[in-house]
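Here's a quick briefing to read with the model open in your viewer. It starts with one residue, then moves on to the overall picture and the details.

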Amino acid sequence: MSKAVLTIASKNYGSWSLRGWLLCRMAGIDFEEHHVGTDDPSTRAELLLLSPSFLVPRLTHDGLKVWDTLAIAEYLHELKPEAGLLPADQAQRAHCRSICGEMHSGFSNLRSALPMNIKARFPGFKSWAGARGDIDRITAIWRECIEAYRGPFLFGAAPGAADAMYAPVCTRFLTYDVAVDPVSADYCRTNMTLPLMQEWIAAAKVEPDELEELDVEF
Ligand SMILES: N[C@@H](CCC(=O)N[C@@H](CS)C(=O)NCC(=O)O)C(=O)O
């Protein structure tokens, strides 16, 4: 069997890449990273061969191609149920899938106003009202989970798919100096200090700056 390959983009800017990578590492599969720059026409052509959506992350495992972060999470959960990406309890699993889905399909104001940029810091950044609404909803989701399952991660003692899905939000809150309630601030610290997050952040910090246009918006 050939080794699994996870195709990802920038570690500094690629929030979906971060989610896919965390899911693969949390699941404990043995994989190689394949990096593509999605704004370069030749790599876009390459990416189209790899992933019909053009988008990354994309996982090749055991002859299968899996693209789209939620599909990767579900695939890995089926492959390695013992990794605990999704909670063992059915009701908690339904809750977990609901908040992962909400992240996957929503919060477009936050995503466009506060793009992931791990290297950058914008002290005192003013989030506009639309983004503030998304921030309020996300922190309400976190507080509800921490209260129900006692933390420190969203579904209890160990990190899982929901923490991977919300990890790029934690990096954004740090980048854009977003003030949140104490429970959410603690959760952000917990997620950001995970060894896997530290490993990704260290790699993002040494990545060459290729996407300068994302920086000049501010
Ligand atoms: N819904 C997709 C979103 C993936 C996505 O937007 N990926 C970005 C990079 S992080 C991408 O590939 N952008 C390239 C492009 O738009 O050409 C998922 O869940 O995987």
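Does Asp68 count as buried, exposed or partly exposed, and at what relative accessibility? Asp68 counts as partly exposed, because its relative accessibility is 33%, which falls between the 20% and 50% cut-offs. Keep in mind that this is a predicted model. The protein has 10 helices and 4 strands, and 48% of its 218 residues count as buried.

**Overall picture**

- Starting at the N terminus, the elements come in the order β-α-β-α-β-β-α-α-α-α-α-α-α-α.
- Take the contacts between residues at least 6 apart in sequence: 71% of them join residues at least 24 apart.
- The protein exposes about 10300 Å², and 56% of that comes from carbon and sulfur atoms.

**The sheet**

- The 4 strands make an open sheet, ordered β2-β1-β3-β4, and the pairing is mixed.
- β2 (31-35) and β4 (64-67) sit at the edges with a single partner strand each, so one side of each has no neighbour in the sheet.
- On average, neighbouring strands here are turned by 20° against each other, ignoring direction.
- As a bit of background, strands of a sheet pair through backbone hydrogen bonds, in a parallel or an antiparallel way.
- β1 (residues 4-8) pairs with β3 (residues 58-61) in the antiparallel sense, over 3 bridges.
- If you want a residue pair to click on, Leu6 has Leu59 in β3 as its bridge partner.
- Helix α1 (residues 15-27) packs on this sheet and touches β1, β2 and β3. The direction of α1 makes about 160° with that of β1.

- Val56 and Pro57 are joined by a cis peptide bond, with omega at about 10°. You'll find Pro57 in the loop between α2 (41-50) and β3.
- Gly151 and Pro152 are also joined by a cis peptide bond, with omega at about 0°. Pro152 is in the loop between α6 (129-149) and α7 (161-175).
- Back to Asp68: its phi is near 85°, a positive value in a residue other than glycine. Asp68 belongs to the loop between β4 and α3 (69-79).
- Phe107 has a positive phi too, near 60°, and is likewise a residue other than glycine. Look for Phe107 in the loop between α4 (90-105) and α5 (108-113).
- Is Phe107 buried or exposed? Phe107 is buried, because its relative accessible area is 7%, and the cut-off for buried is under 20%.

**How α4 meets α6**

- These two helices, α4 and α6, pack at an angle of about 165°, and their axes are 12 Å apart.
- That makes α4 and α6 roughly antiparallel to each other, because angles over 145 degrees count as such.
- The crossing, where α4 passes α6, is left-handed.
- Which residues do the meeting in α4 and α6? On the α4 side they are Gln92, His95, Ile99 and Glu102. On the α6 side they are Arg137, Ile141, Glu144, Cys145 and Tyr149.

Conventions
Residues numbered from 1 in each chain as written. Predicted model: local features only at pLDDT ≥ 70, side-chain atom pairs only at ≥ 80, totals over all residues. Heavy atoms only, no water. Pairing = 2+ DSSP bridges. Axes fitted to C-alpha atoms, helices over the stretch in contact; angles between N-to-C directions. Contact = heavy atoms within 4.5 Å. Buried < 20%, exposed > 50% of the residue type's maximum accessible area, 1.4 Å probe, protein only. Areas by Shrake-Rupley, 256 points an atom, 1.4 Å probe, with all protein chains shown as cover. Parallel < 35°, antiparallel > 145°, perpendicular 65-115°, else oblique. Left-handed = near helix turned anticlockwise from the far one by under 90°.
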